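Trainee: I'd like to learn how to read a protein model feature by feature. Could you walk me through this one?

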Amino acid sequence: MNWKRKDLLGLQNLSAEEIKLILDTAVPMKEILGRAIKKVPALRGRTVVTLFYEPSTRTRTSFELAAKYLSADSVNISTATSSVVKGETLKDTARTLAAMGADVVILRHPMAGAPNLLARTIRAAVINAGDGAHEHPTQALLDMFTVREKKGELAGLNVAIIGDVLHSRVARSNIWGFTKMGARVRICGPATMIPPEIEATGVQVCTRIEEALDGADVVMMLRIQLERQQQGLFPSIREYARLFGLNRERLALARPGALVMHPGPMNRGVEISPEVADGINSVINEQVTNGVAVRMALLYLLGGGGIPDA
Amino acid sequence: MKHKAQILDKEGIRRALTRIAHEIIERNKGTDGLALIGIHRRGVPLAERLAAKIREIEGSTVPVGTLDITLYRDDLTTLAQQPLVHRTEVPFPVSDKKIVLVDDVIYTGRTIRSALDAIMDLGRPQVIQLAVLVDRGHRELPIRADYVGKNVPTSRREVVAVRLQETDGDERVLILEKD
């Protein structure tokens with residue numbers, strides 16, 4: 001199949017075929033990452049802008065490297081050093097970037113839906129690099145790529161997503177993505193952190209971590225957002241670690257060879273014990289490498305061909 | 001598309017490849033430092049067949065790699081749809097090797113130019129030679145093949161269709177004409 005979309009805004013509206021095309025395109029991109037000279041001329045003369053309204057190390061750097069490896073010119077804009085502090089609106093900032101010739105704009109924004117607004121405003125391709133608690137499609141794609149690489153296929157796998165699902169855009173995108181690809185997804189966390197009516201997305205909700213881990217092929221731990229601790233969604237970090245933290249004993253409930261994943265940054269000793277984070281089941285570092293390959297695939301698909309008018 | 005002529009049959013392809021294999025060995029004075037790289041898609045089985053013939057003749061194994069040149073195309077940004085990217089697998093260092101690049105048809109020369117760029121990104125070979133099953137003319141770049149199965153003068157309206165057992169379940173080379 002061919003890629004026909006101008007933007008990548010989320011996984012909720014992508015078909016299984018489109019997801020497969022992205023994952024398949026990431027395979028040859030990963031080969032490039034293993035070369036001594038990590039550079040191909042595919043996007044020569046194209047300009048990629050990362051526009052981040054929230055702090056990020058890995059996502060922004062990953063996109064920047066992906067653009068550079070494909071020979072695109074890349075520019076990073078963080079709001080602290082841009083006219084956003086003078087009160088410029090998102091639309092105006094984006095129009096300015098587009099007028100300067102940006103072909104792809106990668107947006108991270110604290111408000112859900114901001115990338116959709118941007119995609120309707122400018123001709124350039126827009127990639128959602130995380131919008132509020134809504135979606136983080138590239139993280140989910142790199143997670144799916146990592147699982148497919150290790151397990152061969154996604155269909156039929158049991159995937160457990162554990163932690164603060166309510167505030168997690170990573171969880172939301174992964175739920176859409178994995179269920180579309182035929183995996184069975186279970187979620188687990190404190191009741192205050194499970195979105196209401198989440199079962200409608202086709203996931204199974206578990207209240208005890210042991211239940212979620214039983215027979216899991218993939219265990220995806222979410223970062224407990226300590227900054228949200230003030231809201232009192234759980235009594236204490238110690239209690240959270242005791243009830244929902246992943247340690248070696250609990251991991252033994254999952255299938256042998258189950259993959260341990262984490263989108264990072266990790267709170268070691270809270271949601272995940274250091275021995276599991278660094279253990280043989282952990283693919284956390286490979287997730288980071290695969291993130292570059294998946295983002296190269298997306299930049300290639302969105303940024304290389306003729307982009308239709310918005 | 002209209003069928004115009006068959007220029008090679010199964011036996012013809014086999015003989016052409018046998019001759020090319022002999023020429024490769026002769027020109028490179030054996031197989032020391034030799035490696036074959038097939039250009040995706042039909043260059044890949046042709047490279048494998050040439051390696052098998054070289055093994056029959058010389059008794060030595062020549063490494064074979066595959067190259068996808070999609071990311072090196074010079075027309076990528078003018079295409080409406082992105083072509084699928086296939087895997088490049090060159091499981092040996094190309095530096096200081098004598099590389100024989102293998103493709104089914106040479107036409108404008110742009111694919112070969114892209115392939116040369118792609119190989120240079122993997123290392124610095126001692127020499128790169130080019131083997132093709134069919135040379136149909138109409139070059140747009142100063143590139144020529146070192147080993148040619150068959151030279152076929154064609155018009156630009158015509159299409160040279162190479163069909164191989166491995167990729168098409170058939171084994172012949174045809175000239176077709178666009179309607």
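Trainee: Let's start with one residue: is R108(A) buried or exposed?

Mentor: Keep in mind that this is a predicted model. Buried here means under 20% relative accessible area, and R108(A) has 6%, so R108(A) counts as buried. As for its place in the fold, R108(A) sits in strand β3 (residues 104-109) of chain A.

Trainee: Which residues does UniProt list under "binding site"?

Mentor: The unreviewed UniProt entry puts that feature at R58(A), T59(A), R108(A), H136(A), Q139(A), G264(A) and P265(A). Now look at the second largest pocket: its lining takes in R58(A), T59(A), R108(A), H136(A), Q139(A), G264(A) and P265(A) from that set.

Trainee: How do I picture a pocket like that, and what is its volume?

Mentor: The general idea goes like this: rolling a probe the size of a water molecule over the atoms shows where empty space is left. In this case the second largest pocket holds about 580 Å³ of space. Its lining has 23 residues, and R108(A), R169(A), R223(A), G264(A) and P265(A) lie nearest the centre. By class, that lining splits into six nonpolar, ten polar and seven charged residues. Helices α2 and α6 (169-180) of chain A each supply at least two of the lining residues.

Trainee: How should I read a helix such as α2(A), and which of its residues are buried?

Mentor: An α-helix has 3.6 residues a turn, so residues three or four places apart point the same way. Helix α2(A) covers residues 58-69, twelve residues in all, and spans 16 Å from its first C-alpha to its last, close to the 16 Å expected at 1.5 Å a residue. The buried ones are T59(A), S62(A), F63(A), E64(A), A66(A), A67(A) and Y69(A). After the helix comes S71(A), with a positive phi near 70 degrees.

Trainee: What other residues have a phi worth a look?

Mentor: The background is that most residues other than glycine have a negative phi, and most peptide bonds are trans. In chain A, E197(A) has a positive phi, near 60 degrees. E197(A) belongs to the loop between β6 (184-188) and β7 (204-206) of chain A. With a relative accessible area of 70%, E197(A) is exposed. In chain B, the phi of D96(B) is positive too, near 65 degrees. D96(B) is in the loop between β3 (64-67) and β4 of chain B, and at 58% relative accessibility D96(B) is exposed.

Trainee: And the peptide bonds: where are cis ones found?

Mentor: One runs from G264(A) to P265(A), with omega near -10 degrees. P265(A) is in the loop between β9 (259-261) and α10 (274-277) of chain A. Another cis bond joins H40(B) to R41(B), with omega near 15 degrees. R41(B) lies in the loop between β2 (34-39) and α2 (43-58) of chain B.

Trainee: H40(B) makes me curious about chain B. Which residues lie nearest the centre of the largest pocket?

Mentor: H40(B) is one of them, along with I69(B), D103(B), D104(B) and T111(B), in a lining of 27 residues. The volume of this pocket is about 720 Å³. Its lining divides into ten nonpolar, seven polar and ten charged residues. In chain B, β4 (98-106), α3 (110-122) and β7 each give at least two residues to the lining.

Trainee: How do I read strands, then? Which strands pair with β8(B)?

Mentor: In a regular strand the side chains alternate between the two faces of the sheet. Strand β8(B), residues 172-177, is mostly covered, with five of its six residues buried. Strand β1(B), residues 2-8, pairs with β8(B) in the antiparallel sense over five bridges. Strand β7(B), residues 158-163, also pairs with β8(B) in the antiparallel sense, over six bridges. Follow V173(B): in β8(B), V173(B) is the bridge partner of L8(B) and of V162(B).

Trainee: Last one: what lines the largest cavity?

Mentor: Residues from chains A and B, including P28(A), R35(A), D68(B) and Y72(B). The lining has six nonpolar, two polar and four charged residues. The volume of this cavity is about 60 Å³, and the count of cavities of 30 Å³ or more comes to one.

How values were computed
Residues numbered from 1 in each chain as written. Chains lettered and ligands numbered in written order. Predicted model: local features only at pLDDT ≥ 70, side-chain atom pairs only at ≥ 80, totals over all residues. Heavy atoms only, no water. 1 Å grid on protein atoms, 1.4 Å probe; cavity = no way out; pocket = protein on both sides within 12 Å on 5 of 7 lines; lining within 4 Å. Points joined across faces, edges and corners; volume = space filled by probe spheres on them. Nonpolar A, V, L, I, M, F, W, Y, C, P; charged D, E, K, R; others polar. Helix = DSSP H or I, 4+ residues; strand = E, 2+ residues; numbered from the N terminus. Expected span 1.5 Å × (residues − 1). Buried < 20%, exposed > 50% of the residue type's maximum accessible area, 1.4 Å probe, protein only. Pairing = 2+ DSSP bridges. UniProt positions renumbered as here; feature names shortened; annotations may be inferred.
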